[in-house]
Amino acid sequence: MKKEEISPVYHRDAIELVTVAVEYCTFLEKTAEKTRIEFVDTTTKLLPLLYLKAALLPKYEILDEEFFTTDFVTEEEYNIVRANICNILGDKDDFLDVFIEDMKYSESPILTTISENLADIYQEIKNFALSYKNAADEEQMMNALADIKDNFQYSWGQKLVNVQRALHEVRYAEDDDFKCF
């Protein structure tokens, strides 16, 4: 008996990415309930997992050229997530970033925030997870996977590694005002 080949949309790597995406989004939606220590500790563990799961996805072809991931995340939801993270991090929210597009036109690093970067990733990931979940068929699920992989490569993957560096500094800083670990 020949074993049936599993559809790429149900492959382990795709399901694991969706699972981590849901965990990341759920965690950020409950950020207001966390202490700074809890938030930084969990986030510095979730981000590498999210990166790994996205990196393990193969390159998919978009089957429908007119496909666009639906924007499920509203501006209000985005702002709530960003503000909650900003409130928890306080003066540790800002960091200098040299790997952003505007840096090409500047001689000095650009000030950005952990909260905005994490909210940007949240928006991409949640829109993907809901598009994947609400897809009417495997073709739409495949399109969602192709889209998130492209967005990972060209957008949120770089934000993730940049903000991971900043969170690492917050977590392991020698700052007497913030010894969280």
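Predicted model: local features only at pLDDT ≥ 70, side-chain atom pairs only at ≥ 80, totals over all residues.
Phenylalanine 128 is buried, at a relative accessible area of 2%.

The partner of phenylalanine 128 is tyrosine 132, and the two rings form a tilted aromatic pair, 5.8 Å centre to centre with 45 degrees between the planes. Both residues sit in helix α4, residues 114-134, and because they are four residues apart, about one helical turn separates them. Tyrosine 132 is also buried, since its relative accessibility of 6% falls under the 20% cut-off.

Now the wider count. How many aromatic pairs does a search of the whole structure find? The search finds four. One of them joins tyrosine 51 and phenylalanine 152: the centres are 5.0 Å apart and the planes stand at 65 degrees, so this pair is edge-to-face. Tyrosine 51 belongs to helix α2, residues 36-56, and phenylalanine 152 to helix α5, so the contact ties together parts that lie 101 residues apart in sequence.

Are these two residues buried or partly exposed? Phenylalanine 152 is buried, with a relative accessible area of 9%, whereas tyrosine 51 is partly exposed at 33%. Together with Trp156, Tyr51 and Phe152 make up one aromatic cluster.

Last, the charges. A patch of negative charge on the surface gathers Glu61, Asp64, Glu65, Glu66, Asp137, Glu138 and Glu139. Glutamate 139 has a relative accessible area of 39%, so it counts as partly exposed.

How values were computed. Residues numbered from 1 in each chain as written. Heavy atoms only, no water. Patch = residues over 30% accessible without salt bridge, like charges linked within 9 Å, V, L, I, M, F, W, Y side chains within 5 Å. Areas by Shrake-Rupley, 256 points an atom, 1.4 Å probe, with all protein chains shown as cover. Salt bridge = Lys/Arg side-chain N within 4 Å of Asp/Glu carboxyl O. Lys, Arg positive; Asp, Glu negative; His and termini not counted. Charge placed at Lys NZ, Arg CZ, Asp CG, Glu CD. Buried < 20%, exposed > 50% of the residue type's maximum accessible area, 1.4 Å probe, protein only. Phe/Tyr/Trp six-rings, centres within 6.5 Å; stacked < 30°, edge-to-face > 60°. Helix = DSSP H or I, 4+ residues; strand = E, 2+ residues; numbered from the N terminus.
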